[in-house]
Amino acid sequence: MEILIISGLSGGGKSKAASFLEDMGFYIVDNMPAGMIMKFAEFCAAGNGRYSRVALVYDVRTADTFDEFLEVLNTLRQQKYNCRLLFLEAEVDAIIKRYKETRRLHPLQEQTGSLEAAVNQEIGMMAPVRAQADVVINSTTYSTARLRRELLWLFGGEQRTGEMQVSLVSFGFKHGLPMEADLVFDVRFMPNPFYIDAMREKTGLDREVRDYVFSFQETEQFMEKLRELLGFVLPLYREEGKTVLVVAVGCTGGRHRSVAVTHALAGYVTSLGYQVTENHRDMMRT
């Protein structure tokens, strides 16, 4: 079983890190007292693999001293658990700026009287924990994308290879946009097979409809530019650390043009080496 303990300075990025790690398959527990960590680890180990990857957030809110935590950490490392400690920090000025932007109160601010004093006191308090860290990330200059990418590389397991799933969805604008879409393309400019009686009840997966849609020069020109665009942006999304990219293609009803284009795109994106899912949301709706 893998246990990752997330610790660090308040405002250093622990919450964002926990969120990203949850996306990677970790079971997240926030603010767990040191005295409960061993019992929780034993409970997870007995879960038949259900809790094979656990991340525990432990910080200055949890205890006045960290002696008990360091003892538990040492015990975990000596036993059968794959236990690592991730410590997130940032420069004092960066932490102060983050707290001012969020208008939150630092956990030690009521004791120290000022935000700067609270941050400096926490740095001193957390020094023994930092000294035991397997990985230290200084997030001062990190964008959200960079933090996610770093964590994916360090703790992503099989996901660290950079594999990204591309989900292609056709839809009809009259039924509403897919809320999960990252990229949306509108193909309502293409000639509509709906107005041809022999094709009205068919779908974009039928050869007759596909041949009709792709018989027009504007369709071929659009597909050429769309393939060029996707070939450019997909590696960038993958490098950013995105694990699933949803590309939606819409026409009026979601039955003919968007289906034909989405199906063609699925073949192209697959040829680029990505994992692809193809879904025609509104194809059978009226």
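This passage goes through the salt bridges found in the predicted model. Residues are numbered from 1 along each chain as its sequence is written, and side-chain values use heavy atoms, with hydrogens and water left out. Since the model is predicted, local features need pLDDT of at least 70 and side-chain atom pairs count only at pLDDT 80 or more, while totals for chains, interfaces and linings use all residues.

A search of the whole structure turned up 11 salt bridges, each being a side-chain nitrogen of Lys or Arg within 4 Å of a carboxyl oxygen of Asp or Glu. One of them pairs Arg148 with Asp23, with 3.5 Å between the closest N and O atoms. Arg148 sits in helix α7 (residues 144-155) and Asp23 in helix α1 (residues 14-23), so this pair ties together parts that are 125 residues apart in sequence. Helices here are DSSP runs (H or I, at least four residues), numbered from the N terminus.

As for accessibility, buried means under 20% relative accessible area, exposed over 50%, and partly exposed in between (1.4 Å probe, protein chains only). On that scale Arg148 is buried at 17%, whereas Asp23 is partly exposed at 49%.

Two other bridges can be described the same way. Asp282 pairs with Arg285, the closest N and O atoms lying 3.2 Å apart; Asp282 is buried, at 0%, and Arg285 is partly exposed, at 45%. Asp197 and Arg200 meet at 3.3 Å, N to O, with Asp197 exposed at 62% and Arg200 partly exposed at 29%.

Finally, there is a network of salt bridges, which links Glu2, Arg53 and Arg84.

How values were computed:
Helices (H or I, at least four residues) and strands (E, at least two) are DSSP runs, numbered from the N terminus.
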